[in-house]
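This report walks through one protein structure for a reader who has not seen it before. Please look over the sequence and the model before reading on.

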Amino acid sequence: MITIGDTVSVLDEPITGKVVSVSIDEITIETNDGFEMTFFVNEVVKMQSEELMIPSYEEVSKNLQEKEVFRKKPKRPAPKPKERHLPPMEVDLHIHKLVRSTKAMSNHDIVTLQLDTAKRQLDFAISKRIPKVIFIHGVGQGILKEELKYLFGRYDNLKISDADYKKYGLGAMEIYIVQNPK
């Protein structure tokens, strides 16, 4: 039985201190560094005259079994999603997502940066064999959308279509990369 004033040591950590309060299942100790910390009763052991009192095997085993970390969990294999159900890679080309400020940028600079980002991300997807990429261009005057169509038209083995209307509206296009062209 642990009471106020006893010296205790924490099981899983190198912390010792004097007990300052005891409740039904928790003990608050003041560490040697002067901090107050609260632990569960089964996480501490009473020390005798600054030497660690060695608990019995049964006591240690009981305390470890009560800890959640050591409880056996039912082994169930985690289901792996099939590749066709993986979410597609999304690339948001809105300029505020690409740079912090557009103060010193002309419209030409903005479109050029967006197209460079789209090309770089498409090349990455092709190299990593990612089958679908969604390019979010936004709804505006349609300049970026037309430039993207022109850019993607220069690639072989790409299928270009509008992205899911429910999710993206008219502001995105879906690129399907044919993995094994014949």
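The sections below go from the whole chain to its sheet, its cores and a few single residues.

## Overview

The model is predicted. The protein has 182 residues, and 28% of them are buried. Its secondary structure comes to 5 helices and 10 strands.

The accessible surface of the protein is about 13,800 Å², with 53% of that area belonging to carbon and sulfur atoms. Among contacts between residues at least 6 apart in sequence, 48% join residues at least 24 apart.

## The four-stranded sheet

An open sheet of 4 strands runs in the order β7-β8-β10-β9, and its pairing is mixed. Its edge strands are β7 and β9 (residues 158-162), each of which pairs on one side only. From one strand to the next, the twist averages 20°.

Strands β7 (residues 89-92) and β8 (residues 132-136) run parallel and are joined by 4 bridges. In this pair, Met89 stands opposite Val133 of β8. Strands β9 and β10, in contrast, pair in the antiparallel sense over 5 bridges. There Lys159 stands opposite Tyr176 of β10. Strands of a sheet pair through backbone hydrogen bonds, in either the parallel or the antiparallel sense.

Which residues of β7 are on its covered face, and which are on its uncovered one? Met89 and Val91 form the covered face, while Glu90 and Asp92 form the uncovered one. In a regular strand the side chains alternate between the two faces of the sheet.

Gln121 lies in helix α3.

## The nonpolar cores

The largest nonpolar core has 18 residues, and those touching the most other members are Leu122, Phe135, Leu148, Phe152 and Ile175. Two or more residues of this core come from each of β7, α3 (107-127), β8, α4 (143-153) and β10 (172-177). Another core lies apart from it and has 9 residues, among them Val8, Val19, Ile27 and Phe39.

Leaving aside neighbours within four places in sequence, Ile175 is in contact with Leu122, Pro131, Lys132, Val133, Phe135, Phe152, Leu158, Lys159 and Ile160. Two of these contacts, Phe135 and Phe152, are taken up next.

## An aromatic pair

How many aromatic pairs does the count come to? The count is 1. The ring centres of Phe135 and Phe152 are 4.9 Å apart and the ring planes are at 40°, so the pair counts as tilted.

Phe135 is buried, with a relative accessible area of 0%. Phe152 is also buried, with a value of 1%.

## Positive phi values in two loops

Most residues other than glycine have a negative phi. Arg129 has a positive phi of about 60° although it is not a glycine. Arg129 is found in the loop between α3 and β8, and it is partly exposed, with a relative accessible area of 47%.

Asn157 also has a positive phi, near 65°, and is likewise a residue other than glycine. Asn157 is found in the loop between α4 and β9. It is partly exposed, with a relative accessible area of 36%.

## A threonine in β3

Thr31 lies in strand β3 (residues 26-31). Is Thr31 buried or exposed? Its relative accessible area is 10%, so Thr31 is buried. Not counting residues up to four places away in sequence, Thr31 touches Ile15, Thr16, Gly17 and Met37.

Methods. Residues numbered from 1 in each chain as written. Predicted model: local features only at pLDDT ≥ 70, side-chain atom pairs only at ≥ 80, totals over all residues. Heavy atoms only, no water. Buried < 20%, exposed > 50% of the residue type's maximum accessible area, 1.4 Å probe, protein only. Pairing = 2+ DSSP bridges. Core = buried A, V, L, I, M, F, W, Y, C linked by side-chain atoms within 4.5 Å. Contact = heavy atoms within 4.5 Å. Axes fitted to C-alpha atoms, helices over the stretch in contact; angles between N-to-C directions. Areas by Shrake-Rupley, 256 points an atom, 1.4 Å probe, with all protein chains shown as cover. Phe/Tyr/Trp six-rings, centres within 6.5 Å; stacked < 30°, edge-to-face > 60°.
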